[in-house]
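Biologist: I'd like to go through this one with you, starting with the ligand and then the strands. Can you put it up?

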Amino acid sequence: MAKLFPDSKTFVDMKLKASPEKTMELFEAFMASKNNAPTNDEIRKFVNDNFGDKGTELEVWSPTDWVENPAFLNLVNDPDLKQWGMDLNNIWKELGRKMKDDVHKNPEYYSIIPVPNPVIVPGGRFIEFYYWDSYWIIRGLLYCEMRNTARGMIENLMSIVQRIGFIPNGGRVYYWGRSQPPLLAGMVKSYVDFTKDDRFAINALEILEHEFEYFINNHSVQAKGHDLAVYRDSSKGPRPESYSEDVETAESFHTDEAKEDHYSELKSAAESGMDFSSRWYINENGTNIGNLSDAKTRSIVPVDLNAILYWNAKIIAEFHAKAGNVDKMAEYETKAQKIKEAIQAVLWNEEAGCWLDYDLINEKPRDYFVTSNLAPLWVKAYNISDTDKISASVLSYIEKNKLDTFPGGVPNTLYHTGEQWDFPNVWAPLQYIVIEGLDNIGTPEAQKLSKSWGHRWVKSNFAAYRDSRAMFEKYDAEKFGGHGGGGEYGVQKGFGWTNGVIIEWLAKYGHEISLSNTGAAGPNSRFVSLLGVTAIALIGAFAGRFIWRTWFK
Ligand SMILES: OC[C@H]1O[C@H](O[C@H]2O[C@H](CO)[C@@H](O)[C@H](O)[C@H]2O)[C@H](O)[C@@H](O)[C@@H]1O
């Protein structure tokens with residue numbers, strides 16, 4: 001609350017100099033000596049005396065399986081895009097982190113969760129692993145042929161499930177009460193699809209089942225007589241990494257119970273990965289207009305989480321089939337089938353022509369565009385016999401919401417609130433889910449749109465990279481080549497999932513994308529447009545003088 005650092009996460013990432021017990025003793029003595037009212041300078045001195053700098057528990061780690069020219073680069077025709085692919089492959093070396101030995105020997109001195117293998121982190125303020133980010137990072141690593149690093153990251157996550165029963169939001173103990181969209185099974189499937197290592201899939205089964213059951217048991221709700229899941233945190237108090245921010249938004253609540261509820265809604269939104277967004281607001285009129293104090297995450301049945309749980313059950317069934325466990329395979333097929341029926345009954349909305357989140361308080365669908373409304377396309381969580389109908393409906397939903405009109409990608413929502421998961425921000429993971437989803441449904445019209453959005457995303461990220469030499473956490477739907485902003489922390493660069501998606505799409509579209517005739521081409525697009533504007537101005541000036549001389553003189 002003293003706001004010693006511009007970013008609240010800094011303090012909770014610092015190392016203790018003495019044991020936790022000793023540090024608490026020193027803190028209590030310090031507070032007593034200052035009559036419980038220390039000045040900011042005194043608090044700063046206490047922190048400097050008792051805590052080490054953020055990040056000192058980690059070493060930059062250059063992946064040992066890194067290769068200079070991964071084969072995906074051969075699939076990229078345009079020389080500038082190929083060079084970019086090489087640059088992105090190099091960035092893995094900047095994002096690699098290994099824990100120092102002392103973390104394993106004295107874990108209680110650190111907030112980082114010890115894991116056996118090095119990791120690739122998102123970047124910027126995020127110097128530890130993040131659960132769902134790891135899915136796109138791992139796929140990027142696999143395209144770059146870094147199988148050991150990818151497997152090491154998956155094994156880290158599996159070791160955490162074995163130790164604490166689930167995977168927390170990120171690699172810090174202060175995330176212990178919440179997870180993130182459960183993509184471990186998807187990571188294992190990606191690894192197995194690339195390596196054909198069926199043994200790895202079979203060995204992972206027990207852990208994947210455990211994680212799946214954890215999600216179902218701790219997140220389930222009933223909606224219209226069906227079992228579905230919501231995002232739900234299980235800890236108490238404000239988010240430690242955003243402590244003062246949460247205490248301040250809780251000021252509008254007047255009882256401890258109401259404040260506690262508010263903290264839970266915020267942490268549950270963080271579990272969704274979309275922290276924060278109007279997607280989680282339910283105001284007293286039952287709409288999404290409002291602010292963080294209207295967050296009611298636990299009362300909204302989210303399309304993406306249920307689609308991903310369906311996918312988990314399908315993947316577990318597939319791996320049981322590999323192991324020849326026929327009964328177990330049937331058991332998980334049945335679980336998948338039940339989730340699919342619930343998605344169809346509660347979340348599919350015939351009128352809108354798309355899936356919609358469901359409001360449990362007002363017992364009604366939330367007819368607001370969020371990219372995650374399209375998540376079932378990605379994992380095929382619908383009846384395959386309905387493919388043509390769903391494709392037509394979803395394409396007209398896209399048209400109705402004018403989603404094809406943004407130069408910088410599909411915005412996460414259409415509502416401008418200043419929160420980072422709202423308009424105009426565009427995020428690589430959701431761009432991936434939407435674009436791969438349209439590709440997966442397989443109709444020519446959906447695939448055409450998917451390709452055009454995929455090309456646009458690659459070109460727009462490239463334009464941003466060429467102008468700034470940076471890969472961003474999020475981008476701007478309204479501006480080709482523009483990066484995103486808003487929310488509670490500054491612009492972050494790096495950036496794990498953004499790089500992963502681009503590497504995969506360079507491999508997918510690199511043979512057919514050319515940078516000529518787009519804003520992304522040439523040595524510097526701003527320079528080129530400046531030349532264009534100057535040329536038009538000069539032609540205009542000459543024409544003006546000509547008309548003046550001929551007609552008026
Ligand atoms: O410190 C604020 C919040 O930061 C994280 O959220 C954002 O970054 C994550 C890492 O890239 C990403 O997974 C998440 O989707 C972003 O919104 C963190 O995950 C939150 O729990 C935290 O409160």
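Modeller: One term before we start: a cavity is a set of grid points, worked out over the protein atoms alone, where a 1.4 Å probe fits but cannot get out. Also keep in mind that this is a predicted model.

Biologist: OK, so where does the ligand sit?

Modeller: A molecule counts as sitting in a cavity if more than half of its atoms lie within 2 Å of the cavity's grid points. By that test, the ligand's place is the largest cavity.

Biologist: Which residues come nearest to the ligand?

Modeller: The shell has 22 residues around the ligand. They split into 9 nonpolar, 5 polar and 8 charged. Those that come nearest are Asp133, Asn169, Glu241, Gly273 and Asp275.

Biologist: Now the strands. Which residue in strand 4 is the bridge partner of Val60?

Modeller: There's an open, antiparallel sheet of 3 strands, ordered 3-4-5. Its edges are strand 3 (58-60) and strand 5 (119-120), each pairing on one side only. Strand 3 is joined to strand 4 (residues 96-99) by 3 bridges. Val60's partner in strand 4 is Arg97.

Methods
Residues are numbered from 1 along each chain as its sequence is written. This is a predicted model: local features need pLDDT of at least 70, side-chain atom pairs count only at pLDDT 80 or more; totals for chains, interfaces and linings use all residues. Side-chain values use heavy atoms; hydrogens and water are left out. A residue is near a molecule or strand if one of its heavy atoms lies within 4 Å of it. On a 1 Å grid over the protein atoms alone, a cavity is a set of points where a 1.4 Å probe fits but cannot get out, and a pocket is an open set with protein on both sides within 12 Å along at least five of seven lines; lining residues have an atom within 4 Å of a point. Ala, Val, Leu, Ile, Met, Phe, Trp, Tyr, Cys and Pro count as nonpolar, Asp, Glu, Lys and Arg as charged, and the others, Gly among them, as polar. Two strands pair if DSSP finds at least two bridges between them. Helices (H or I, at least four residues) and strands (E, at least two) are DSSP runs, numbered from the N terminus.
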